Amino acid sequence: MPNKGVHQLLPDMADIDRALDLAEAGIRVNAIAPGIVRTRFASMLWKDESSATALKSGLMLGRLGDPVDMAGTVAFMCSDDSRHMTGECIVVSGGTFSHL
């Protein structure tokens with residue numbers, strides 16, 4: 001595989017074939033499926049207070065995510081604690097009903 005940055009691998013991360021190919025080299029391939037996170041990318045969804053309120057009402061935790069809310073999952077996935085995990089996608093959404 002050519003040298004790729006993480007941002008270039010993200011579209012491929014849910015691909016089980018990629019996980020199978022890289023598992024032979026001891027490389028784990030996993031992904032995070034975030035809910036609505038207060039980032040510039042998702043700002044059109046939450047900048048308007050009425051839109052943000054509507055989004056929050058559909059979340060079990062009642063609040064939108066912040067980038068730091070993804071950090072623990074990322075740390076887990078990068079650590080040896082996840083050494084027996086590959087080809088998985090973890091939903092970090094504040095309690096939305098996800099259908100991946």
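How many helices and strands does the secondary structure of the protein contain? In this predicted model, the secondary structure comes to five helices and two strands. Read from the N terminus, the elements follow the order α-α-β-α-α-α-β. Of the 100 residues in the protein, 24% are buried. Among contacts with a separation of 6 or more, 59% join residues 24 or more positions apart.

**Helix α5**

Helix α5 spans residues 68-78, and its buried residues are Met70, Thr73 and Met77. Viewed down the axis of α5, these buried residues fall within an arc of 65°, so they line one face of the helix. Val68 and Cys78, on the other side of α5, are exposed. The cover over the buried residues of α5 includes the two strands β1 (30-34) and β2 (88-92).

**Nonpolar core and pocket**

The largest nonpolar core has five residues: Ala42, Trp46, Ala52, Leu59 and Leu64. Leaving aside residues up to four places away in sequence, Trp46 touches Val37, Arg38, Thr39, Ala52 and Leu64.

The table gives the lining by class.

| Class of lining residue, second largest pocket | Number of residues |
|---|---|
| Nonpolar | seven residues |
| Polar | two residues |
| Charged | no residues |

Note on methods: Residues numbered from 1 in each chain as written. Predicted model: local features only at pLDDT ≥ 70, side-chain atom pairs only at ≥ 80, totals over all residues. Heavy atoms only, no water. Core = buried A, V, L, I, M, F, W, Y, C linked by side-chain atoms within 4.5 Å. Buried < 20%, exposed > 50% of the residue type's maximum accessible area, 1.4 Å probe, protein only. Contact = heavy atoms within 4.5 Å. Nonpolar A, V, L, I, M, F, W, Y, C, P; charged D, E, K, R; others polar. Helix = DSSP H or I, 4+ residues; strand = E, 2+ residues; numbered from the N terminus. Arc of directions from axis to C-beta.
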